[in-house]
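Reader: I would like to go through the wording used for this model, term by term. Please set each value against its cut-off.

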Amino acid sequence: MNPSASGTSELVADTGPPSPPTTPAAATTCSEEENSVGQKKTVHQRAAVLLGMESGMDLGAAARSAGVSLETVRAWREENERFDAAIVAVRAKGRTYGNSPQIIMTPARAHIVLHALRDGETLARAAELAGVALSTVYHRKKHAPAFRALMEEAQEMGLHTRARRRGQLRLRNAKYRLVRPRGDDTLG
């Protein structure tokens, strides 16, 4: 018996060339690659958080420097025991005075202090700009002769900068007027 004669027919749609079959394995490979890229980014961000904390930042500042929110870092700590242990180890490494960790004087921070001193800032303001305690700057000055020499040179340059600035301010703020001394008729 002929199927078309019996009244039942098959409908076949012509959609062009056949597409490659999508297998669950191919879909899994694609999502694994996306996951792999996401995981690598997350690992780099976690490392950036740890490096930030090691350089003296608090958890919030380290998170911002890594490009993630503090809530994300907290979630990472809850879900990853090793990351949490690393955070605890970095925090324990820093010496504490009261509740705040002592910020380490890195070469970059020392450069900021010296630059601020050259610009005429006070030592306290230079330490503040560098993000370190004033006592940290004094400690570095006491124990690093090279830093002491650079600091003294920068402070001397800063004195000249401040004096120059004061002179310019005086000139800008001064009001000039022609005053003829009494008894002087030379002008008129």
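Reader: At what angle do helix α6 and helix α7 pack, and how far apart are their axes?

Author: This is a predicted model, in which local features need pLDDT of at least 70 and side-chain atom pairs count only at pLDDT 80 or more, while totals for chains, interfaces and linings use all residues. Residues are numbered from 1 along each chain as its sequence is written, and side-chain values use heavy atoms, with hydrogens and water left out. Helix α6 (residues 123–130) and helix α7 (residues 134–143) pack at about 105°, with axes 8 Å apart. Helices are DSSP runs of H or I, at least four residues, numbered from the N terminus. Axes are lines fitted to C-alpha atoms over the stretch in contact, and angles run from 0 to 180 degrees between N-to-C directions.

Reader: Why are α6 and α7 called roughly perpendicular?

Author: The angle is about 105°. Because 65 to 115 degrees counts as roughly perpendicular, α6 and α7 are given that name.

Reader: Which residues of α6 and α7 meet?

Author: Leu123, Ala124 and Ala127 in α6 meet Leu134, Val137 and Tyr138 in α7, contact being heavy atoms within 4.5 Å. By class, this contact has 6 nonpolar, no polar and no charged residues. Ala, Val, Leu, Ile, Met, Phe, Trp, Tyr, Cys and Pro count as nonpolar, Asp, Glu, Lys and Arg as charged, and the others, Gly among them, as polar.

Reader: What makes valine 73 buried?

Author: Buried means under 20% relative accessible area (1.4 Å probe, protein chains only). Valine 73 has 0%, so it is buried. This residue lies in helix α3 (residues 70–79) and touches Val49, Leu59, Ala63, Val68 and Phe83, not counting residues up to four places away in sequence.

Reader: Is arginine 46 buried or exposed?

Author: Arginine 46 has a relative accessible area of 15%, so it is buried. Its place is in helix α1 (residues 24–54).

Reader: What makes the pair of tryptophan 76 and phenylalanine 83 edge-to-face?

Author: Rings of Phe, Tyr and Trp (its six-membered ring) pair if their centres lie within 6.5 Å; planes under 30 degrees apart count as stacked, over 60 as edge-to-face and the rest as tilted. By this rule the count is 1 aromatic pair. Tryptophan 76 and phenylalanine 83 form an edge-to-face pair, 5.9 Å centre to centre with 85° between the planes.

Reader: How far from the ring centre of phenylalanine 83 does arginine 46 lie?

Author: Arginine 46 lies over the face of phenylalanine 83, at 5.6 Å from the ring centre. The rule asks for NZ of Lys or CZ of Arg within 6 Å of the ring centre and within 35 degrees of the ring normal.

Notes:
Helix = DSSP H or I, 4+ residues; strand = E, 2+ residues; numbered from the N terminus. Buried < 20%, exposed > 50% of the residue type's maximum accessible area, 1.4 Å probe, protein only. Parallel < 35°, antiparallel > 145°, perpendicular 65-115°, else oblique.
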